[in-house]
Amino acid sequence: MTEPFAQPPHDVLIIGSGAAGLTAALALAQTKRVLVLAKGTLDSGSTAWAQGGIAAVLDAGDTFEDHIRDTMIAGAGLNDAQTVEFVIERAPAAIDRLAELGVPFNREQGDLHLTREGGHSHRRIVHVDDATGWAVQAALLKAAEATPNITLLAGQSCIDLITARNQASYSGSGRVWGAYALDEASGTVHAHVARATILATGGAGRVYLFSTSPRGATGDGIAMAWRAGARVSNMEMMQFHPTCLYNLEVKNFLITEAVRGEGGHLINPVTGERYMAQYDPERMELAPRDIVARANDDQIKRHGLDYVHLDISHQPADFVTTHFPTIHEKLLGLGIDMTREPIPVVPAQHYTCGGVKIGLDARTDLPGLWAAGECTESGLHGANRLASNSLLECFVFGEAAAKDILACWDRLDDPPSILPWDESRVTNSDEEVVIKQNWTEIRRFMWNYVGIVRTTKRLERAAHRIRLLREEVADYYGHFRVTTDLVELRNLIECADLIVQSALKRKESRGLHFTLDYPQTDPVPSDTVLVP
């Protein structure tokens, strides 16, 4: 079933209900009618999963220059200096706005409690215990639900952006007019039409077999923007978190960076050696994530281990339980007492540093389309994201997108008549097993061939598999009605291809992209930009 076109009841469409999407919605809703679409529940995105916190210069001994330098060092020189300054200088104001919304940040004698994480030269992470994301998501959702101009719609799987090609009178202008989305409950595909559209869809972590990302992180926004004609940048820069819990029952429980920031040691469980001295003797466990993740991966492969140990049991028990109540409780339920014994950990995919290319105004290449958060490549993270800069990017660019849309509103045309979704030539699928098989295959070969350490041969093998799977999925997509699983599989294939093509183009090792065939780092950093 499809619905006929009607004049849109909303001014702005936002795809994604996490930190970036809701920040933009709240800023726009003072004067505009905003529709926010969420795949799954309204709080099922990555924001709610963020344990660590938000980085901001708030300590008397800290400076913007220090935070900028730490970000650039972690990003291995690939960051855009102007973007880094833009975001970091706006961090304290973002924290103030969240506090006003009721986020209960930890405090000591009235002042914000600041913790330290890997790659930071100062304590500058504001947090709510070890579950900052939940508190931020709850505060933003509460504010959005109380705002009359915001409509929140859960259970909507966006299939593709509506562009000028979908107008009743065809145009090749590339103008974006909203998105076609599957309502999961009814099976109906709706054309959600708007004057302005913001992508806030998160990353592509589920391309990998082991990931700390939520189930819905299938790169939907990146894939949709690419198909619509937007450039993507630095997709090879996929961050692997060094310390994901190793447990056969629990697949993606993250052990926050702050455990190392508060004194946790990485230990080889067989030799008992605190091994980070081999890899980064000066910073040890506080080295940036790419270095620690490669060290953990090297120890596991070299010694034939299933995991390494992260040990903070030398700290007082009440110190550990006070700083990490959520992790402590979760581990106790699994039979691990982190106050008395080490935690078994492995590296896992954690964050997509590349994405849809945007400017400081959050504009993409496509007229009518803005983007913010993990689905973008803004220039903030470069070749490796500094811990706790991700939520910060969401707030700053969510705000920037809203500000730019409001500034140019009078120059944005009213939407034309849009064609309804056409499913006249498709039938219901009787082969769901094909989706499951292909989904599993992608994630497995991406982990094995396009993981923490890469080679050209492995990347070429992955590219070959992607070509075959792309044909299968395109054939399937052309014959059967869309489901969320099919939409996600199609987007996973697209993102896997973008990652592999980007990795093959970079003939050096830099930050998160480490290849045995090109171990050197070139003297002049350059972005890997793919053009549709």
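1. Let's start with Glu488: it is buried, with a relative accessible area of 3%. Buried means under 20% relative accessible area, exposed means over 50%, and partly exposed is anything in between, worked out with a 1.4 Å probe on protein chains only. What does the side chain of Glu488 meet in a salt bridge? Its partner is Lys39, at 2.7 Å from N to O. The two come from distant parts of the chain, 449 residues apart: Lys39 sits in the loop between β2 (34-37) and β3 (54-55), while Glu488 belongs to helix α15 (residues 484-505).

2. A few ground rules before going on. This is a predicted model, where local features need pLDDT of at least 70 and side-chain atom pairs count only at pLDDT 80 or more, though totals for chains, interfaces and linings use all residues. Residues are numbered from 1 along each chain as its sequence is written, and side-chain values use heavy atoms, leaving out hydrogens and water.

3. Salt bridge here means a side-chain nitrogen of Lys or Arg within 4 Å of a carboxyl oxygen of Asp or Glu. Searching the whole structure turns up 33 salt bridges. Helices (H or I, at least four residues) and strands (E, at least two) are DSSP runs, numbered from the N terminus.

4. Have a look at Arg124 and Asp70, a salt bridge whose closest N and O atoms are 2.8 Å apart. Arg124 lies in the loop between β6 (114-115) and β7 (125-126) and Asp70 in helix α2 (residues 64-74), so this pair ties together parts 54 residues apart in sequence. Are these two buried or exposed? Arg124 is buried at 0% relative accessible area, and Asp70 counts as buried at 5%.

5. Arg123 has a salt bridge too, with Glu262, and the closest N and O atoms are 3.2 Å apart. Glu262 is in the loop between α7 (258-261) and β15 (265-267), 139 residues from Arg123. Arg123 is partly exposed at 36%, whereas Glu262 is buried at 6%.

6. Some bridges share partners: Asp160, Arg227, Arg470, Arg490, Glu494 and Asp497 are joined into one network that way.

7. Finally, helix α9 (residues 289-303). Its buried residues include Arg289, Asp290 and Val292. Among the elements covering the buried residues of α9 are β14 (238-245), α8 (276-279) and β17 (343-352); contact means heavy atoms within 4.5 Å. Just after α9, Gly304 takes a positive phi of about 65°.
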